Amino acid sequence: MNRPEREATVRRLMEREPPTVPPELYADAMRRGARMLRRRRIVRRLMWLLLCAATVAFVVWALTARPWVEPPSQTTPPYTGW
């Protein structure tokens with residue numbers, strides 16, 4: 001199919017009257033859309049809750065384990081009795 005044939009086909013398609021849509025389709029689409037938005041909102045809130053819980057858990061672990069403090073050396077005995 002060359003370009004003029006494609007253009008003619010597209011023109012014929014666009015000149016036709018659009019097909020009729022069943023009236024109950026709008027209500028179904030609105031119901032599904034609302035359900036999808038509700039699910040997305042719930043998932044987004046759960047993700048934020050999970051992020052906050054992970055942040056709190058990390059802060060609690062960091063305050064108790066203190067990973068930034070160097071552990072005492074175990075290779076050299078303490079100097080006592082000098």
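**Notebook: helices, pairs and a patch**

I began with F58 and W61, which both lie in helix α2, 3 residues apart, about one turn of the helix. I took helices as DSSP runs of H or I with at least four residues, numbered from the N terminus. I noted that this is a predicted model, where local features need pLDDT of at least 70, side-chain atom pairs count only at pLDDT 80 or more, and totals for chains, interfaces and linings use all residues. Residues are numbered from 1 along each chain as its sequence is written, and side-chain values use heavy atoms, without hydrogens and water.

**Aromatic rings**

I looked for ring pairs (Phe, Tyr and the six-membered ring of Trp, centres within 6.5 Å; planes under 30 degrees apart are stacked, over 60 edge-to-face, the rest tilted). I found 1 aromatic pair. The ring centres of F58 and W61 are 5.8 Å apart and their planes stand at 35°, so the pair is tilted.

Are these two residues buried or exposed? I used these cut-offs: buried is under 20% relative accessible area, exposed over 50%, partly exposed in between, with a 1.4 Å probe and protein chains only. F58 is exposed at 53%. W61 is partly exposed at 44%.

**A nonpolar patch**

I then looked up a nonpolar surface patch of about 680 Å², made by F58, V59, W61, L63, W68 and V69. Its rule: residues with over 30% relative accessible area and no salt bridge, with nonpolar side chains (Val, Leu, Ile, Met, Phe, Trp, Tyr) joined within 5 Å and like charges within 9 Å. L63 sits in helix α2 and is exposed, because its relative accessibility is 60%.

**Salt bridges**

How many salt bridges does the structure hold? I counted 2 (a side-chain nitrogen of Lys or Arg within 4 Å of a carboxyl oxygen of Asp or Glu). R3 and E7 form one at 3.0 Å, N to O. They are 4 residues apart in helix α1, about one helical turn. I noted why such spacing matters: an α-helix has 3.6 residues a turn, so residues three or four places apart point the same way. R3 is exposed at 58%, and E7 is partly exposed at 32%.

R31 and D28 form another at 2.4 Å, N to O. Both lie in helix α2, 3 residues apart. R31 is partly exposed at 48%, as is D28 at 29%.

**One backbone angle**

Last, I checked R66, in the segment after α2 (23–65). Its phi is near 45°, a positive value in a residue other than glycine. Most residues other than glycine have a negative phi.

Note on methods. Helix = DSSP H or I, 4+ residues; strand = E, 2+ residues; numbered from the N terminus. Areas by Shrake-Rupley, 256 points an atom, 1.4 Å probe, with all protein chains shown as cover.
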